[in-house]
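These are my notes from one sitting with the model.

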Amino acid sequence: MPMELTQSRIQKIWLPNDNRPALPRRSCGPQLANSPTVIVMVGLPARGKTYISKKLTRYLNWIGVPTKVFNVGEYRREAVKHYSSYDFFRPDNEEAMKVRRQCALAALRDVKLYLTEEAGQIAVFDATNTTRERRGMILNFAKENGFKVFFIESVCNDPTVVATNVMEVKLSSPDYRDCNSTDAMEDFMKRINCYQASYQPLDPDDYDRELSLIKVIDVGRRFLVNRVQDHIQSRIVYYLMNIHVQPRTIYLCRHGESEFNLKGKIGGDSGLSNRGKKFALALNKFVEEQNLKDLKVWTSQLKRTIQTAEALQLPYEQWKALNEIDAGVCEEMTYEEIREQHPEEFALRDQDKYYYRYPSGESYQDLVQRLEPVIMELERQENVLVICHQAVMRCLLAYFLDKSADEMPYLKCPLHTVLKLTPVAYGCRVESISLNVEAVNTHRERPEEAKKGPNPLMRRNSVTPLASPEPTKKPRINSFEEHVAVSSALPGCVPQEVPTQLPGQPLLGKACLRPVCHFLKVFSLLIFPR
């Protein structure tokens with residue numbers, strides 16, 4: 001007989017009506033029907049591998065795929081407390097080679113633990129992995145554990161780009177804490193030379209033709225893709241082909257205060273209040289003072305964002321994807337009215353604001369999926385001003401600041417304030433700028449009840465934070481001798497080692513609609529000029 005189903009009160013989805021125990025809480029994003037994946041970074045030092053690793057991990061966690069970076073350099077720094085010089089990376093330094101091998105094995109053990117026992121779906125193995133022997137070790141490890149492998153190789157032969165990366169990132173590494181910049185630069189360039197002699201790039205035309213991989217050439221000028229295996233790998237490729245490292249600034253702000261804001265109503269399509277109109281004029285002055293070249297302005301398709309953009313006297317584009325979260329049956333109601341007319345829904349949303357879906361409406365989880373094309377286009381652009389709404393701004397901000405699903409619905413995004421985001425090496429710097437126009441406060445703090453612990457009404461097999469919080473680190477390797485005793489935990493993984501609306505009429509005179517394209521199809525041996 002067909003199984004009886006019960007609708008989840010929070011997410012409004014259908015679940016089996018039985019007494020089976022709840023499954024471990026996993027992903028809020030795409031459920032992968034296939035095995036977990038190990039992403040293996042490849043490339044010489046100072047080629048942007050850690051930048052790609054961290055940025056890709058932030059994106060995957062944001063869309064709901066539990067992902068974590070395992071940086072072998074961190075394991076090495078735990079094993080060797082005091083870095084002396086590039087001599088540690090010389091291929092003839094046998095003792096150092098043993099330590100480096102054990103560091104890689106320790107990282108792989110943690111990868112296995114994360115993917116098999118900690119509900120991880122993707123592990124990023126961030127190291128040079130410049131030789132076929134090292135990559136073979138990783139492939140053997142993945143085969144023994146039933147993991148898929150996807151290689152990302154960063155290739156850059158532009159000495160200016162490499163030198164800039166060394167200056168901006170590597171010289172601030174703990175390895176050079178007590179070293180002047182000239183000596184540190186000289187030492188690091190010698191470290192690169194230690195890897196250069198034995199570097200064996202991925203060869204998709206011959207030796208590595210069976211591997212799934214992407215080669216990122218000259219910081220995204222060209223790409224070469226080989227044997228993409230599944231949906232998540234295609235999304236990774238799509239993402240990597242959209243990011244760039246050019247200096248830029250992203251400005252996020254909400255529309256000016258609306259008539260519904262004054263009345264305490266959510267949703268709807270009201271116009272600006274008098275103070276909201278003053279903010280629009282103040283925003284125009286602010287934008288002029290920034291003196292930005294080729295600033296792009298994006299709005300939603302709702303009246304209050306369009307009215308705000310009109311004051312800028314600049315062309316702007318409307319995105320339906322930027323519309324405020326759909327409150328369904330609660331649209332155009334105050335929170336007090338929702339509490340009176342829908343008391344259960346009011347309580348359920350307070351229990352888990354990220355996953356709660358309004359009846360006939362959306363959840364924050366839905367909103368993240370809707371906003372993915374916006375994130376992709378933001379990554380492609382340079383200077384952009386996004387005029388949007390509170391929930392939308394929280395989702396965008398959570399992506400750039402690597403905030404979790406639990407934190408996202410409570411991020412403070414006040415009216416009449418501009419957030420200036422400047423991407424930096426491994427993250428994003430944020431500056432909050434008030435334009436000194438009074439407005440109502442629409443922020444609701446997290447209820448005390450919601451702070452007490454996980455929600456018992458949550459859907460089984462559905463929850464994982466957007467960002468994987470880094471636990472308090474415990475020493476993984478105290479010494480080489482101590483670690484040798486447990487190296488047998490990965491049998492067969494120790495080979496000989498070497499260095500390692502529709503297009504058409506605009507809604508307003510200056511506005512143009514952007515048709516939103518969601519995903520590229522799977523690529524094969526693609527060279528893409530930027």
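Helices (H or I, at least four residues) and strands (E, at least two) are DSSP runs, numbered from the N terminus. The model is predicted, so I kept in mind that local features need pLDDT of at least 70 and side-chain atom pairs count only at pLDDT 80 or more, while totals for chains, interfaces and linings use all residues. Residues are numbered from 1 along each chain as its sequence is written, and side-chain values use heavy atoms, with hydrogens and water left out.

**Entry 1. Strand E5 and its partners**

I looked up E4, residues 67-71, and found that it pairs with E5 in the parallel sense over five bridges. Lys-68 has Ala-123 of E5 as its bridge partner, and Thr-67 has Ile-122. I then checked E3, residues 37-42, which runs parallel to E5 and is joined to it by four bridges. There, Val-40 stands opposite Phe-125 of E5.

For burial I used these cut-offs: buried is under 20% relative accessible area, exposed is over 50%, and partly exposed is in between (1.4 Å probe, protein chains only). How many residues of E5 are buried? I found five of its five, over residues 122-126. In a regular strand the side chains alternate between the two faces of the sheet. In E5, Ile-122, Val-124 and Asp-126 point one way, Ala-123 and Phe-125 point the other way, and all are buried. E4 has four of its five residues buried, so the rest of the structure largely encloses it.

**Entry 2. A pocket and a cavity**

I noted the method first. On a 1 Å grid over the protein atoms alone, a cavity is a set of points where a 1.4 Å probe fits but cannot get out; a pocket is an open set with protein on both sides within 12 Å along at least five of seven lines; lining residues have an atom within 4 Å of a point. Grid points are joined across faces, edges and corners, and a volume is the space filled by probe spheres set on the points.

The second largest pocket has a volume of about 470 Å³. I found 28 residues in its lining, with Lys-265, Ile-266, Tyr-335, Gln-390 and Thr-442 nearest the centre. Helix H8 (259-263) and helix H14 (390-401) are the elements that give two or more residues to this lining. H14 has the largest share, three residues.

The largest cavity holds about 80 Å³ of space. Its lining includes Cys-330, Tyr-335, Phe-346, Arg-349 and Arg-444. H11 and helix H12 (343-351) are the elements that give two or more residues to the cavity lining, and H12 gives the largest share, four residues.

**Entry 3. Positive phi**

Most residues other than glycine have a negative phi, and most peptide bonds are trans. I wrote down two residues with a positive phi. Ala-119 is not a glycine, yet its phi is about 65 degrees. I placed Ala-119 in the loop between helix H3 (94-117) and E5; at 16% relative accessibility it counts as buried. Glu-332, also not a glycine, has a positive phi of about 65 degrees. Glu-332 is in the loop between strand E11 (316-318) and helix H11 (335-341), and at 43% it counts as partly exposed.

**Entry 4. Salt bridges**

I counted a salt bridge where a side-chain nitrogen of Lys or Arg is within 4 Å of a carboxyl oxygen of Asp or Glu. The whole structure has 22 of them.

Arg-357 and Asp-366 meet at 2.7 Å, N to O. Arg-357 is buried at 17%, whereas Asp-366 is partly exposed at 22%. Which residue pairs with Lys-412 in a salt bridge? I found Glu-445, at 3.5 Å, N to O. Lys-412 sits in the loop between H14 and strand E13 (417-424) and Glu-445 in the loop between strand E14 (427-434) and helix H15 (480-484), so the pair ties together parts 33 residues apart in sequence. Lys-412 is exposed at 57%, and Glu-445 is exposed at 53%.

Last, I noted a network of salt bridges that links Arg-76, Arg-77, Asp-175 and Arg-191.

Technical notes. Pairing = 2+ DSSP bridges.
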